[in-house]
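Colleague: I would like to learn how to read a model like this one. Could you take me through it feature by feature?

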Amino acid sequence: MRKRPLILVTNDDGITAPGIRTLISVMNEIGDVIVVAPDSPQSGMGHAVTIDDTLYCNEIKVDDGPQKEYQSSGTPADCVKLAVSEVLKKKPDLCVSGINHGSNSSINVIYSGTMSAAVEAGVEGIPAIGFSLLDYSWDANFEPLKVHIKKLALNVLENGLPEGVVLNVNFPKSETFKGIKVCRQARANWVEEFDKRVNPQGKVYYWLTGKFTNMDKGEDTDEWALANNYISLVPVQFDLTAHHFIHKLNNWNL
């Protein structure tokens, strides 16, 4: 009998979020599951790690599933580091992060705690996938995603991923999907605004607001896929070197 793979599950919405509970249930069909996830929401943390405070990581039982679970006081990246260094006895065969409540397409990938957890796993040499749904509601319907998540996870387990590459998967808000579209990251960004207010003590404070602006009209992008009811699949690399510019830099008078 083929040995069941060891799967690490994490997220950034917190260990009790409906998204991760759905992801855990799907991974239980595939392998032996260990969960290490934040004890509270950590959205927008990016790849932050805890260096100026203590970290806690305690075993917890959230439901009656066969998985073993730990909640951590740290960030999503912390959770993966703790899992690899302290919780797991061996390197997992796969790390899955999510399912995030809200998409992580385009530029959002660099702010995302969900994707940063997947990237941290990739840094550790673990094949990794981040899953997100374009629905910010706590009561979002994750049921239609299950069959596609299972298929993608099995594909990664069977085929592997290149060194330095993780997958960013985003689902549109829909009951049915046209299919999975392999995409590039759209060229888009947030135009920030700050809502300036004054508290009763006269101290100025700000709320960050903004508008997402997509300047990319290409039909091969994750934003196009989501707008047209496709699941977007983007291979993400965490080598940030601008390789195409190295030759020009070498021609500078340095």
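Colleague: How many positive and negative side chains does the chain have?

Modeller: Lys and Arg count as positive, Asp and Glu as negative, while His and the chain ends are not counted. The place of a charge is NZ of Lys, CZ of Arg, CG of Asp or CD of Glu. Here there are 24 positive and 31 negative side chains, and the centres of the two sets lie 3 Å apart.

Colleague: And what should I know about the source?

Modeller: This is a predicted model, in which local features need pLDDT of at least 70 and side-chain atom pairs count only at pLDDT 80 or more, while totals for chains, interfaces and linings use all residues. Residues are numbered from 1 along each chain as its sequence is written, and side-chain values use heavy atoms, leaving out hydrogens and water.

Colleague: Is helix α1 buried or exposed?

Modeller: Helices are DSSP runs of H or I with at least four residues, strands are runs of E with at least two, and both are numbered from the N terminus. Buried means under 20% relative accessible area, exposed over 50%, and partly exposed in between, with a 1.4 Å probe and protein chains only. In α1 (residues 18-28), nine of the eleven residues are buried, so the helix is largely enclosed by the rest of the structure. Among the elements covering its buried residues are β1 (6-10), β2 (32-38) and α4 (146-159).

Colleague: Where is the cis peptide bond?

Modeller: Most residues other than glycine have a negative phi, and most peptide bonds are trans. In this chain a cis peptide bond joins G98 and I99, with omega about -5°; I99 lies in strand β5.

Colleague: What is phi of S106?

Modeller: Phi of S106 is near 55°, a positive value in a residue other than glycine. S106 sits in the loop between β5 and α3 (113-123) and is buried, at 1% relative accessible area.

How values were computed. Contact means heavy atoms within 4.5 Å.
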